[in-house]
Protein chains: 10
Amino acid sequence: MSEERRSILETFENPHPNRDYSIEIVAPEFTSVCPITGQPDFATLTLTYTADAKCVELKSYKMYLQNFRQAGIFYEDVTNCILDDLVSVLAPRAMKLVASFTPRGGISSTITAVHEANR
Amino acid sequence: MSEERRSILETFENPHPNRDYSIEIVAPEFTSVCPITGQPDFATLTLTYTADAKCVELKSYKMYLQNFRQAGIFYEDVTNCILDDLVSVLAPRAMKLVASFTPRGGISSTITAVHEANR
Amino acid sequence: MSEERRSILETFENPHPNRDYSIEIVAPEFTSVCPITGQPDFATLTLTYTADAKCVELKSYKMYLQNFRQAGIFYEDVTNCILDDLVSVLAPRAMKLVASFTPRGGISSTITAVHEANR
Amino acid sequence: MSEERRSILETFENPHPNRDYSIEIVAPEFTSVCPITGQPDFATLTLTYTADAKCVELKSYKMYLQNFRQAGIFYEDVTNCILDDLVSVLAPRAMKLVASFTPRGGISSTITAVHEANR
Amino acid sequence: MSEERRSILETFENPHPNRDYSIEIVAPEFTSVCPITGQPDFATLTLTYTADAKCVELKSYKMYLQNFRQAGIFYEDVTNCILDDLVSVLAPRAMKLVASFTPRGGISSTITAVHEANR
Amino acid sequence: MSEERRSILETFENPHPNRDYSIEIVAPEFTSVCPITGQPDFATLTLTYTADAKCVELKSYKMYLQNFRQAGIFYEDVTNCILDDLVSVLAPRAMKLVASFTPRGGISSTITAVHEANR
Amino acid sequence: MSEERRSILETFENPHPNRDYSIEIVAPEFTSVCPITGQPDFATLTLTYTADAKCVELKSYKMYLQNFRQAGIFYEDVTNCILDDLVSVLAPRAMKLVASFTPRGGISSTITAVHEANR
Amino acid sequence: MSEERRSILETFENPHPNRDYSIEIVAPEFTSVCPITGQPDFATLTLTYTADAKCVELKSYKMYLQNFRQAGIFYEDVTNCILDDLVSVLAPRAMKLVASFTPRGGISSTITAVHEANR
Amino acid sequence: MSEERRSILETFENPHPNRDYSIEIVAPEFTSVCPITGQPDFATLTLTYTADAKCVELKSYKMYLQNFRQAGIFYEDVTNCILDDLVSVLAPRAMKLVASFTPRGGISSTITAVHEANR
Amino acid sequence: MSEERRSILETFENPHPNRDYSIEIVAPEFTSVCPITGQPDFATLTLTYTADAKCVELKSYKMYLQNFRQAGIFYEDVTNCILDDLVSVLAPRAMKLVASFTPRGGISSTITAVHEANR
């Protein structure tokens with residue numbers, strides 16, 4: 001299933017690969033489903049990366065995230081899975097993903113995962 | 001009593017143990033009792049940790065915190081006790097607990113305690 | 001039990017009864033218990049009233065509210081009960097109570113009840 | 001389909017029917033689907049009503065709203081449909097529904113519909 | 001020119017014409033050109049209306065507003081012109097347009113125009 | 001003592017008595033003393049009035065308020081007393097005083113008193 | 001001097017005189033001088049009016065306000081003078097001026113003056 | 001006088017001396033008197049420290065601060081004096097005091113002083 | 001075209017070249033066009049630099065940015081192009097450009113590019 | 001002229017010279033004049049310094065800043081000049097000046113200059 005998901009992500013050539021510049025993409029409308037209760041979860045995803053050869057195309061990234069709309073998956077898992085997918089497709093110089101989930105039972109959670117390329 | 005309290009905390013296996021990622025859990029509805037005046041205290045607890053083998057299950061953490069609802073305990077003590085309990089049960093790679101108490105007599109307090117694993 | 005609760009409320013003589021002035025008291029640390037799940041509820045209570053002969057003493061009002069800390073009672077019920085208790089003890093010229101409860105399951109509620117004296 | 005949807009809504013007896021008090025319920029995690037583009041829409045729903053004989057049970061209201069998660073329906077339509085469903089099930093003395101949708105193409109929309117009982 | 005501009009606006013049938021409900025559309029990315037200096041102006045347009053038989057289609061409204069991107073026109077004029085165009089095309093029961101322009105020379109302006117149908 | 005306090009207030013002639021315009025004065029640094037506990041109280045005073053023949057001079061108003069720095073007096077009393085003093089000295093066409101006191105025991109209070117001239 | 005000041009204000013013909021629409025102009029950089037201490041005063045002026053035949057030209061309004069930069073004048077006086085000047089030059093259907101001055105001695109003031117045309 | 005002031009500060013034994021944790025205490029209701037003009041000054045004091053053997057008792061700290069209510073003392077002096085008093089009584093591992101004073105003559109000041117123990 | 005664009009930028013001599021001080025210029029009204037959809041994009045540009053011999057003249061910078069009003073260009077490209085143009089014209093000691101674009105499809109992007117001089 | 005300006009600044013002896021503490025002074029009402037257009041500029045100045053032997057007296061600093069009220073001077077120049085004047089008079093251990101100017105033509109600027117003593 002991971003391969004299928006990754007194939008949704010489209011890329012375009014980094015127009016300025018000779019400079020290490022940062023790209024931040026904030027997606028406040030992420031939603032998945034709790035695998036235990038079946039109730040929907042909601043999060044804001046903040047992706048920050050330094051592109052190497054490829055940049056992610058924004059509309060394909062939006063479609064990729066909508067793939068989780070009916071998926072039952074834990075907070076910690078989904079954050080690391082999305083980071084793994086993006087690293088696999090983009091091979092960035094560096095990448096960070098912060099997922100801030102809305103409160104459940106009066107308690108809110110934020111997961112932060114970082115990838116550093118071996119240069 | 002500490003052992004009894006700790007037994008409420010349930011854990012699940014860290015789904016991505018090969019990556020040092022951060023988990024933040026904000027609990028704005030913590031309440032305990034002042035051991036001198038018997039009046040209720042209120043705080044927002046912000047827990048941040050890097051899991052090793054185990055993650056804390058959110059609902060059990062909520063139930064664990066409710067255990068302090070009728071307990072008489074000082075600010076400095078309760079913050080360090082909760083951190084000790086979580087460290088004992090999760091054995092995290094790193095953990096920080098920030099407890100921000102609401103004003104009393106026009107004065108508000110925030111206690112911050114940090115645990116670093118010996119690696 | 002209602003009589004017992006009301007007896008906690010103390011009053012003092014309105015120092016300026018010849019003027020219709022407004023008194024607003026905001027209590028952001030109200031907590032009771034859900035009668036179905038047994039989980040704690042949290043609310044901010046905003047009381048606004050025009051005193052007639054009597055004003056409510058602030059410390060006794062705080063103690064009165066703490067009486068609900070372990071009580072299992074619905075949002076709609078507790079808001080109207082507190083208003084009824086205050087109307088019974090103070091006989092105000094007018095009184096409004098707004099109870100704003102924190103989110104549960106991603107949904108938050110606010111109950112507003114008003115009493116008008118028959119003059 | 002409307003009948004099926006309405007059957008999800010559960011009610012409980014208004015505990016203080018002799019007083020016209022207001023109940024406000026804010027649901028910031030509403031999501032449906034655009035019937036033209038198939039893209040998800042997101043809104044915050046603010047329901048305000050004066051109960052007559054019946055109040056809406058919060059958890060059933062949450063489940064009812066989740067029913068729209070995969071439904072293709074326009075902003076103006078869904079707002080009026082939810083109001084119609086609630087009026088049909090609760091027969092309130094008065095009811096207002098405000099639906100604030102997140103921006104699309106840089107433009108955000110809010111629909112406000114009001115029901116007044118014939119008394 | 002006004003006829004040409006109005007022809008961009010598309011409508012759809014009001015799905016609930018028997019109820020007087022309100023539709024608010026906020027467009028924060030409006031830009032036109034000052035007819036004197038040739039410098040660009042920027043505004044947030046907030047349109048609020050009660051539909052009669054027709055609602056404005058959002059995407060066509062966005063395209064309509066982009067028509068002013070290179071147009072030289074004063075604040076007071078553009079606000080009234082847009083209101084006139086929308087009234088002409090939609091024949092709403094009521095309509096209000098608020099245009100808040102960003103500061104020029106340290107001074108910011110907001111124009112508010114209202115249309116009431118003769119019923 | 002009231003006469004002595006009032007004598008601190010200085011006035012100047014209303015420069016535009018033929019127009020009913022409004023003057024608002026916000027004093028966020030008011031402090032008095034609780035007559036029971038001897039602890040200091042803090043409030044923001046918002047005075048709004050329509051002058052008749054006289055306006056209050058700002059510096060004298062500041063000095064007048066400092067007169068309460070060591071005075072033991074209740075919230076409800078001090079608000080009405082200040083209003084009475086200002087009405088007595090200025091004979092305004094209308095006057096309102098709002099006193100917002102900082103939290104004590106987690107509870108904050110606001111007193112609002114209004115004077116209307118008999119015209 | 002008033003005549004000279006008024007001559008700075010330029011006007012243009014109201015482009016939509018058949019509709020009673022509102023124009024709000026916020027000038028946050030007004031400064032004059034206290035006639036007693038010689039110290040500078042600072043205010044935000046919010047002008048709101050319904051034009052009749054004429055609208056005020058923004059740049060001339062800015063130049064007009066700069067005319068007070070070295071003028072010694074009281075809060076209450078300058079607010080009413082500016083309103084009088086604008087009424088004299090524009091003959092508006094209605095006009096309101098709100099002047100919010102920054103704090104002096106911990107106390108801030110806002111003057112609000114309204115003009116209604118005799119129609 | 002310094003000795004007398006320091007004797008008001010009470011301490012309790014640090015319940016977790018084996019951990020370097022941080023205690024922050026915010027006191028927004030500090031007031032003293034300007035030694036030149038005799039006018040009251042107002043500040044928010046933010047104290048942050050790492051306790052060694054002793055913690056400061058909150059109520060005694062509040063009483064200690066009230067000691068400056070009628071004292072004439074400069075901003076720079078009072079900040080350093082309070083820090084010296086607390087260091088003398090608590091012998092903390094580290095301590096910082098930030099005093100933010102409200103505006104005078106349109107200008108506001110913040111003094112920050114730090115103590116590091118010689119370990 | 002790049003040369004033509006750069007010729008719009010005017011400079012003036014750095015008045016204090018012996019000190020490394022920072023200049024930040026925030027331009028919240030940048031707009032260009034998406035090269036795929038032809039729809040307008042909107043961004044806030046924050047430029048920060050340490051001048052060497054030359055500073056950029058503000059009005060020419062504003063005119064330079066308006067040059068992109070009808071240009072079809074991607075986020076990542078326009079940010080790097082503007083930085084390149086400014087570096088070419090000013091030869092600064094250091095320069096950073098942050099471009100924050102408004103949401104499209106619920107997703108917003110920020111591009112950050114940095115230039116360091118070889119000293 | 002620089003000598004004349006500097007002579008306005010008065011100093012007092014640092015009451016705690018043996019400690020490196022920080023003094024921050026925020027002046028939000030700075031105004032000068034653009035040397036090209038003759039139009040007034042407005043800025044908030046934030047001065048932060050570590051005193052050596054001398055502190056700046058607040059009222060003299062206010063009077064010193066008013067000296068620029070009618071002076072025609074560029075942003076970059078005035079920021080560095082004020083820093084130079086203060087360094088010359090106070091000989092501080094360290095000093096930073098941040099000048100945030102209000103928008104002109106939709107663009108706002110902030111100049112930051114730092115002085116480090118040679119110790």
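Analyst: Let's start with Ala94(A): its bridge partner in E6(A) is Glu116(A). On E5(A), Ala94(A) also stands opposite Thr50(A). A quick word on conventions: this is a predicted model, where local features need pLDDT of at least 70, side-chain atom pairs count only at pLDDT 80 or more, and totals for chains, interfaces and linings use all residues. Residues are numbered from 1 along each chain as its sequence is written, while chains are lettered from A and ligands numbered from 1 in the order in which they are written.

Now the strands themselves. Helices (H or I, at least four residues) and strands (E, at least two) are DSSP runs, numbered from the N terminus, and two strands pair if DSSP finds at least two bridges between them. E5(A) and strand E6 (residues 107–116) of chain A run antiparallel, joined by nine bridges. They make a hairpin with two residues between them, and Gly105(A) in the turn has a positive phi of about 60°. Strand E3 (residues 40–50) of chain A pairs with strand E5 (residues 94–104) of chain A too, again antiparallel, over eight bridges.

Zooming out, chain A has three helices and six strands, in the order α-β-β-β-β-α-α-β-β from the N terminus. Its radius of gyration (over C-alpha atoms) is 15 Å, close to the 14 Å of the globule rule for 119 residues, so chain A is as compact as a globular protein of that length; the rule is 2.2 Å times the number of residues to the power 0.38. Along the principal axes, the C-alpha atoms of chain A fill a box of roughly 50 × 25 × 25 Å. Contacts here mean C-beta atoms, placed from the backbone, within 7 Å. Of the contacts in chain A with a separation of 6 or more, 72% are between residues 24 or more positions apart.

What about burial? A residue is buried with 20 or more other C-beta atoms within 10 Å of its own, exposed with 12 or fewer, and partly exposed in between, with C-beta atoms placed from the backbone. Buried residues are 34% of the 119 in chain A. A nonpolar core is a set of buried Ala, Val, Leu, Ile, Met, Phe, Trp, Tyr and Cys residues joined through C-beta atoms within 7 Å. In the largest one, with 145 residues, Leu97(A), Leu97(B), Leu97(H), Leu97(I) and Leu97(J) touch the most other members. Leaving aside neighbours within four places in sequence, Leu97(B) contacts Leu45(B), Leu47(B), Thr79(B), Ile82(B), Leu83(B) and Ala113(B). Another core lies apart, with 144 residues, including Val78(C), Ile23(D), Ala51(D) and Phe30(F).

Finally, the copies, superposed by least squares on the C-alpha atoms of residues with pLDDT of at least 70 in both. Chain J goes onto chain G by a rotation of 180° with 0.0 Å of shift along its axis (RMSD 0.0 Å), which is the relation of a two-fold axis. Those two chains touch through seven residues from chain J and seven residues from chain G. On chain J's side, strand E2 (22–33) and strand E3 (40–50) each supply at least two residues. Since 100% of the interface residues of chain J are also interface residues in chain G, the copies meet through the same surface. By contrast, no contact joins chain H and chain I, whose closest C-alpha atoms lie 23 Å apart.
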